[in-house]
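Subject: A structure for you to look at

Hi,

Here is the structure I said I would pass on. Have a look at it first, then read my notes below.

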Amino acid sequence: MRLPADLVTPALVVDADRMAANIAAMATLAAERGLALRPHAKTHKCLPIAAQQLAAGARGLTVATVAEAEIFADGGAADLFVAYPVWADAARGARLAALAERTALRVGVDSAEGAAALARAVPGLEVLVEIDSGHHRTGVAPADAGAVAVAAERAGLRVRGVFTFPGHSYAPGAPGAAAADEATALRAAADALGGAGIEAGERSGGSTPSAAHTGAEVTELRPGVYVFGDAQQLELGTIGEDGIALVAAGTVVSRAPGRVVLDAGSKVLGADRPAWASGFGRVPGHPDARVVALSEHHATVTWPTGPPPDLGEIVPVAPNHVCAAVNLAADLVVCRNGAVADTWPVAARGANT
């Protein structure tokens, strides 16, 4: 990725052409497999990017919070899925009811109690029952999905199927096995709903690492990170360096033999580092360089091969977890052919409620 020479750093920089290629590639994968694509907008939190995904054929957007749903609905999104077991207290329930009046809305549920609260707030709301396919976060065991679906229907909701997140795909060698777990779990959950007399028309799942392994048991794919790529995807082998469409641009502010320090610390890159990751980020074009330490405003990068960059030089870093980095930024600097083409606000930044 070519960076403009006059960037004010630190900054998150998007290569518009690479991003467009990533969007097109995932749309093609989904279409070839007969899957509906519903990208997770929590990755980019940005209205122009959502518009590009929808224009490329996505049926709608996935969001993580009611606040994200409100922002994307304000931006014109007509079909939203809050893939989260929302607890609809009085205030959040009123917001959901208002949302349901202006956009097609689905919400996740994984308990009879949660279903009852949703039904009180938005009678007739469409829901998907969340199942645990191996990530062990939220969701019920597949065999228990029928009982939750029955409780939701009795409460006055409309159950449209089941969903899961194969988050255990985020480990070396794991994406294929996670996709197989997902398929088995969705099949069992659909059978559980069928046994209770409820059709599981939607079987929603997917993640960026497992997308290429997704099988016929899935009807809807919900990847997020693919739009930008990040250092985790690079190390998992999901993408090559040409798939990195967002980097944090940092200026070298200190230099010593074999290392440099950039002005893009944890308040820019985020602090995520899974146990298997080789650092806090990667430097495209320099496979041996590693971000080995982060302070709030410093990134220490080892440079074992060749002379390190000079003081004042701008260096790109692919964050480990691009979703966390984007949520720290007010704007994304959009570039084409090494020149700034636009600036896009991160409209859903901090939209966590």
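This is a predicted model: local features need pLDDT of at least 70, side-chain atom pairs count only at pLDDT 80 or more; totals for chains, interfaces and linings use all residues.

Start with the strands. Eight of them form an open sheet with parallel pairing, and the order across the sheet is β2-β9-β8-β7-β6-β5-β4-β3. At the edges you'll find β2 (36-37) and β3 (61-63); each has a single partner strand, so one side of each has no neighbour in the sheet.

Now pick out β6, residues 126-130. How many of its residues are buried? The count is 5 of the 5, so this strand is largely enclosed by the rest of the structure. Both of its faces are covered: Glu126, Leu128 and Glu130 are buried on one side, and Val127 and Val129 on the other.

What sits on either side of β6? Strand β5 (residues 104-109) runs parallel to β6, and 4 bridges join the two. To get from β5 to β6, the chain passes through helix α5 (residues 112-121), in a right-handed β-α-β crossover. Strand β7 (residues 158-163) is also parallel to β6, joined to it by 5 bridges.

In β6, Glu126 is the bridge partner of Arg106. As for α6, that helix packs on the sheet and touches β6 and β7, its direction making about 155 degrees with that of β7.

**Salt bridges**

The model holds 17 salt bridges. One of them joins the side chains of Glu70 and Arg95, at 2.9 Å from N to O. Glu70 is in helix α3 (residues 66-74) and Arg95 in helix α4 (residues 90-100), so this pair ties together parts 25 residues apart in sequence. Arg95 is partly exposed, at 23% relative accessibility.

Back to Glu126, which counts as buried at 18% relative accessibility. Another is Arg160, where the side chains meet at 3.3 Å, N to O. Arg158 is partly exposed, with a relative accessible area of 39%, and so is Arg160, at 29%. Glu126, Arg158 and Arg160 belong to a network of salt bridges that also links Arg38, Arg59, Asp79, Arg106, Glu202 and Glu220.

**Cysteines and a proline**

A disulfide is a covalent bond between the sulfur atoms of two cysteines. How many does this structure hold? The number is 0. Take Cys46: its nearest cysteine sulfur, that of Cys323, is 13 Å away. Cys46 is buried with a relative accessible area of 0%, and Cys323 is buried as well, at 7%.

Last, find Pro4, in the segment before β1 (11-15). Is Pro4 buried or exposed? Pro4 is buried, with a relative accessible area of 4%. Leaving aside neighbours within four places in sequence, Pro4 is in contact with Ile314, Cys335, Gly338, Ala339 and Val340. The C-alpha atoms of Pro4 and Gly108 are separated by 42 Å, and the two residues are 104 apart along the chain.

Cheers

Definitions and conventions. Residues are numbered from 1 along each chain as its sequence is written. Side-chain values use heavy atoms; hydrogens and water are left out. Buried means under 20% relative accessible area, exposed over 50%, partly exposed in between (1.4 Å probe, protein chains only). Two strands pair if DSSP finds at least two bridges between them. A crossover is right-handed if, with the strands pointing away from the viewer, the path from the first strand over the helix to the second runs clockwise. Contact means heavy atoms within 4.5 Å. Axes are lines fitted to C-alpha atoms, for helices over the stretch in contact, and angles run from 0 to 180 degrees between N-to-C directions. A disulfide is a pair of cysteine sulfur atoms within 2.5 Å. A salt bridge is a side-chain nitrogen of Lys or Arg within 4 Å of a carboxyl oxygen of Asp or Glu.
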